[in-house]
Amino acid sequence: MEQLTWTGSLAGLNIIFLGLCVMLALAVAAQIVVSFLPASDAQEINPDGTVARRGGLAGGLNRAVILLFALLVLVLLIYTIAGAFMGPQAGIFGGMSQQMLPVWIALILTFAVSIHFKRRLGLYGKLFDSTVGMIGFAIVMFWVFTGIFGGLFDLLVTHDSLSQTSGMKNKLPGTPLRSPDEGVYPWFLLGGDNLARDVFSRLIKGSWVVVQIAPLATLFAFMVGITLGLPAGYYGGRLDTILSFLANLILAFPVILLFYLLVTPEIVMTGIPNYMAVFLFIFPLIFLAVLLNSRYYTQPSFRTPLLIVVLGIVGWLYLSLVSTDGAIVATDTYRIPGLPSMIDLFDIDAGVLVVFVSVVFVNSPTVFRIVRGLALDIKTRDYVAAAQTRGEGPWYIMLWEILPNARGPLIVDFCLRIGYTTILLGTLGFFGLGLESESPDWGSTINAGRRLLSLYPHAAIAPALALLSLVLGLNLLADGLREESLRD
Amino acid sequence: MGLFILRRLGVMLLTALCLTFIVFWLTNLYPNLEKLAKTQGNFRMSDEAVASYLEDRGYLQPTVDKFGEWLGVLPGWVTTGETPDETFGRCFPAGTPAEDRPTRCGILQGDWGFSTVFKEPVGETVLTRLALTGKLMFWVLMLMVPSALIVGVLAGMREGSKLDRSLSTFSIATTATPEYVSGVIFIAVLASSRFGLSPLLAEWGWIDSKTLFLGSATSAMKDANFWNFFLPVLTISLYGMGYIARMTRASMTEVMTAQYIRTARLKGVKFSEIVLKHALRNALIAPFTVIMLQIPWLLNGVVIVETLFNYKGFGWLLVQAAANNDIELLLAVSVVSVIVVLVTQLISDIGYVFLNPRIRIS
């Protein structure tokens, strides 16, 4: 086996690709320069008396940029599709593209179905009207599928993300294994790290950590923020003063200091993260209970069974979440019994729990402030006054009148906040807090790779670019959503 | 106005007290103290040895008492030895004659305590490190604020134009790049002697040194120059820049749709004059607030960048203090950072009122 180059037998395309990139950059630059010049109002009168306006220089440039962009996308598609069929013959990109085949299929299916039904899908469907939104959505879904297929089903990866292979320490991308056994993938596609592990496989396993924790933590932060922010904004007064003071208190903490204080093995030993989990995770339960009760309390025969079923299920999940080995808090000196391990659905590792809890804790005050501001604004609207006149209860107004009308900004912020949570998780990994040092998550990998950065940058660059692209995708998605939700 | 500032100062003081108490409580939890005792004494101490070590040094008093001693409102602890010479306490070492022993020593007396990691008084340590970070922050602000404002104003003056879209994409990209990502990329591309641009440039003879920039800022602590200091400054500024630029753009687009701008255009004022004379002043009110509120966020960037580039400033100090559970140093660090946060908030509120005549009059 020989060393792989980046594009292998497709190397002929590289010059076209580079040329297109340079031309596109020049065209965009020219467009910007032209936009400063006054527009030339070239008009011509057709024989039938109509007036046509010619695009002039700016119009021509615009067409050129669109054309070049389309060509660039086409070349990228050729790289990807040819790579998927040719595999390592088409170099490192080809090999990666072939490994990623399930992701490509899932992406194509998602897009085909969504675009076909986009008129019936509400805001989600409208996303497919905006180019920026679609690009963002594609990047985000790429990582989501990578996480699910690679992390959950163990597809995609070429090697075990934890095992070391002799002779592969700090090897460059595309290095072949020294003596591969039968059935072992014969290359390290993105090289080896300083412990001779496969960077590519760790990258994919790392995406699962992010895809699991970031959206869920953001969701919990939103539950906390909404449940506390709505009454603070709606009632105002002393409740608002106290809650806002507490929120500002947490916000005044430098995030990294808070992480250094909270996410340590010593704090885990004291059981503080468990108490915080008990407190923070109860909010979805309260939220659901109030949401359903405020709507259906006039029909007790329907409300009571509904609440029993919903709260039963969510309560069970809640208890499973907070209890480990039959105890909610277990320290050396005392323990508080929780759900017996027989009916405990899942256990969360103490290191992951503390990371999760602190990320929720850091994010909720900001969400609180946003929700409070929106509630303050919306409560002055006429439909709220109408509901008050109708005699609706305050919680009904908050959850069924104010909240649905605040959904636009909240959805946009949700996307942005997942990105921010991803950055926070990376920060934790970068400082070696929380997750174990061999964990494949991107922050820890960057941390491990940065010591040899000027000699072997690939081990740190790969996860850095992955994190960058995911957060960028989420930002673009939020931008597309904002644009589309403003258009209504 | 005076009452407003007074009330804000009161809230600030309360916030600072609450926050320092939280830090105090977290650092004084028993497992943390045990770790401290073991790193200070030795790692094979028995549980009894740890307990007596902590007892002697006053760590096992109730947290509120210790907090009061640290503040300087309660008398410091005294451990009586077998002879008067062996008696020592919070405020004096062993061998101090009885009449020279102060009873209280805390923040109120100007004593910030003693760092267990650096073996020197906390006050001095924090000041030297803070000066280094001040230098970094100064250059960051010098780079970040003007470029963010220029980008924002250029993007916002013609909404929807090509320039606007390119610059907005650029701002989105910078807000999506945390410091530990951009720093890593910059070092690999610009400061590695084997990869990226430097070998190429060196081969062509465009640069004299081996690399375009230096990947470590340790030498910049003494003598900072473009070569060793630009990368850390750029890394921090880039992340904060996108946000300020987007806020400036939003404010600028809003101003550009205002009635008086339309009037000016209809009167035939030149576009450049409209932007510079009519729009800019009103468009820069909102970014001022954003810039002030961005400073606490820069603190996070400072911690990351100082760790990545090995620049031993305030952020590096925070990491050292937290990693070693150096309680008094950590408290001083958190007091400083909390004050930075609260003061910038106060300045942004007051500044907003001063800059915006509409609020000032009503």
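A nonpolar core, as the term is used here, is a set of buried Ala, Val, Leu, Ile, Met, Phe, Trp, Tyr and Cys residues joined through C-beta atoms within 7 Å. The model is predicted. Its largest nonpolar core holds 204 residues. Within this core, A:Val360 and B:Val184 touch the most other members. The biggest contribution comes from helix H7 of chain A, residues 199-235, which gives 21 residues. Chain B takes part through both of its domains: domain 1 (2-109) and domain 2 (122-355) each give residues, so the core lies between them. In soluble globular proteins, nonpolar side chains tend to be buried together.

Take A:Val360 as a place to look. Leaving aside residues up to four places away in sequence, A:Val360 touches A:Ala217, A:Phe220, A:Ala221, A:Val224 and A:Leu280.

Now step back to chain A as a whole. Chain A has 488 residues, and 42% of them count as buried. Its secondary structure comprises 19 helices and 6 strands. Along the principal axes, the C-alpha atoms of chain A fill a box of roughly 80 × 70 × 45 Å. Consider the contacts in chain A between residues at least 6 apart in sequence. Of these, 70% join residues at least 24 apart.

Next comes the interface between the chains. Here 44 residues of chain B are in contact with 38 residues of chain A. On the chain B side, several helices supply at least two residues each. Helix H1 (2-27) and helix H2 (30-40) are among them. So are helix H6 (162-175) and helix H7 (179-190). Helix H12 (285-308), helix H13 (314-323) and helix H14 (327-355) complete the list. By residue class, this side of chain B divides into 29 nonpolar, 12 polar and 3 charged residues.

The domains do touch: 16 residues of domain 1 are in contact with 12 residues of domain 2. On the domain 1 side, H1 and H2 of chain B are the elements that give two or more residues. The largest share, 10 residues, comes from H1(B). This side of domain 1 divides into 8 nonpolar, 6 polar and 2 charged residues.

Methods
Residues numbered from 1 in each chain as written. Chains lettered and ligands numbered in written order. Contact = placed C-beta atoms within 7 Å. Helix = DSSP H or I, 4+ residues; strand = E, 2+ residues; numbered from the N terminus. Nonpolar A, V, L, I, M, F, W, Y, C, P; charged D, E, K, R; others polar. Buried ≥ 20, exposed ≤ 12 C-beta atoms within 10 Å, placed from the backbone. Domains from an automatic or database assignment.
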